[in-house]
Amino acid sequence: MDNKVAIITGAGSGIGRTTALRYCEAGGKAALFGRTKSKLETLAAELGEEHCLVVSGHHETPGDAEKVVEAVKERWGRLDLLFNNAGTYQPAAIADTSIESWNEALASNLTGPFMMTRAALPLLRDNGGGVIVNNSSTLGLRPVPGSGAYCAAKAGLVMLSKSCAIEEAGNGVRVIAICPGVVDTPIHLGREGGAGASHSEFLESAGGMHPLGRVGTTDEIASLVLFLASDDSSWTTGSVITVDGGISLS
Ligand SMILES: NC(=O)c1ccc[n+]([C@@H]2O[C@H](COP(=O)([O-])OP(=O)(O)OC[C@H]3O[C@@H](n4cnc5c(N)ncnc54)[C@H](OP(=O)(O)O)[C@@H]3O)[C@@H](O)[C@H]2O)c1
């Protein structure tokens with residue numbers, strides 16, 4: 001990643017945090033974006049201020065995406081990777097989904113990545129190209145009961161990725177959707193209690209549903225993102241890549 005510059009959304013936690021660490025360890029610079037400034041600042045202190053900058057905000061809020069792109073332009077004058085990773089999970093059947101929860105699913109998982117993409121494209125194009133990786137989910141490819149709004153939003157993100165890939169290929173911008181299975185991150189903490197299971201019990205039972213017999217780690221997702229951000233994947237665009245311990249097979 002030598003001298004490459006990334007914007008990583010949702011960098012304060014889980015997959016985004018690990019990817020930011022790995023990207024900077026590999027020689028890149030990263031703009032850390034997310035809702036909670038204190039989490040981003042803790043990570044920035046770990047990475048060293050010379051490798052990163054912090055911008056807090058909500059990616060779906062008009063102006064916030066532009067704010068982080070402007071900060072990157074001013075500091076490094078280029079952009080190589082937009083990792084649209086931020087998102088939230090809404091556990092509810094469609095019949096029980098409030099309009100607020102539906103709107104939140106779309107805002108955090110689909111509108112946000114759209115706003116970030118639109119804001120980042122001019123700088124990526126100025127560079128002669130770059131990469132956008134959108135963090136969808138296996139639930140964007142096939143439904144499970146009790147996640148309707150999230151599934152719909154993540155499926156939308158897959159099509160946003162393909163549409164952008166075909167529109168931007170001529171500008172050298174590659175766009176890829178990744179679809180993780182269950183990964184051990186704080187996103188699942190909210191599931192405690194609901195089904196009467198602890199976080200670790202949830203992860204153990206979810207792991208059993210994956211043919212490889214366990215849930216994934218944030219490092220396993222970060223490894224794929226770094227490959228897609230590198231020139232080793234230079235002929236890959238418009239792809240939808242599962243990284244899921246084989247759960248899509250069942
Ligand atoms: N973990 C899994 O099993 C799994 C599986 C498939 C796909 N995914 C996807 O992977 C992505 C990362 O999730 P994770 O598992 O790493 O969860 P996480 O630890 O909860 O991290 C999500 C991050 O997104 C940020 N965020 C949420 N809504 C935002 C918004 N509107 N604007 C800006 N930032 C926002 C959060 O900010 P705060 O730090 O302020 O909370 C947090 O840093 C999500 O898109 C998720 O849907 C996860």
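Aspartate 64 is buried, with a relative accessible area of 13%; here buried means under 20% relative accessible area, exposed over 50%, and partly exposed in between, computed with a 1.4 Å probe and protein chains only. The structure is a predicted model, in which local features need pLDDT of at least 70 and side-chain atom pairs count only at pLDDT 80 or more, while totals for chains, interfaces and linings use all residues. Residues are numbered from 1 along each chain as its sequence is written, and side-chain values use heavy atoms, with hydrogens and water left out.

Aspartate 64 belongs to helix 3; helices (H or I, at least four residues) and strands (E, at least two) are DSSP runs, numbered from the N terminus. A polar atom of the aspartate 64 side chain lies 2.8 Å from the backbone nitrogen of histidine 58. This is a polar contact, that is, a pair of N or O atoms within 3.5 Å; within protein, one must be able to donate a hydrogen and the other to accept it, and residues adjacent in sequence count only if both atoms are side-chain atoms.

Helix 3 runs over residues 64–76 and has 13 residues. From its first C-alpha to its last it reaches 19 Å, close to the 18 Å expected at 1.5 Å a residue, where the expected span is 1.5 Å times one less than the number of residues. Asp64, Ala65, Val68, Val69, Val72 and Trp76 are buried in this helix. Seen down the axis of helix 3, these buried residues fall within an arc of 140°, so they line one face of the helix; the arc is that of the directions from the helix axis to the C-beta atoms. As a handy reminder, an α-helix has 3.6 residues a turn, so residues three or four places apart point the same way.

Turning to the ligand, 30 residues surround it, and the closest are Ser13, Thr36, Tyr150, Thr185 and His188; a residue counts as near when one of its heavy atoms lies within 4 Å. By class, this shell has 8 nonpolar, 18 polar and 4 charged residues. In that scheme Ala, Val, Leu, Ile, Met, Phe, Trp, Tyr, Cys and Pro count as nonpolar, Asp, Glu, Lys and Arg as charged, and the others, Gly among them, as polar. Helix 1 (14–25) and helix 5 (148–168) each supply at least two residues of the shell.

Oxygen atoms of the ligand lie 3.5 Å from a backbone N or O atom of glycine 14 and 2.9 Å from a side-chain N or O atom of lysine 39. At histidine 59, a backbone N or O atom is 3.1 Å from a nitrogen atom of the ligand. The protein covers 95% of the 890 Å² of accessible area that the ligand has on its own, with areas from the Shrake-Rupley method and a 1.4 Å probe; for residues, only the protein chains shown count as cover.

Methionine 159, in helix 5, is partly exposed at 49% relative accessible area. Threonine 117 of helix 4 (residues 99–126) is buried, at 6%.
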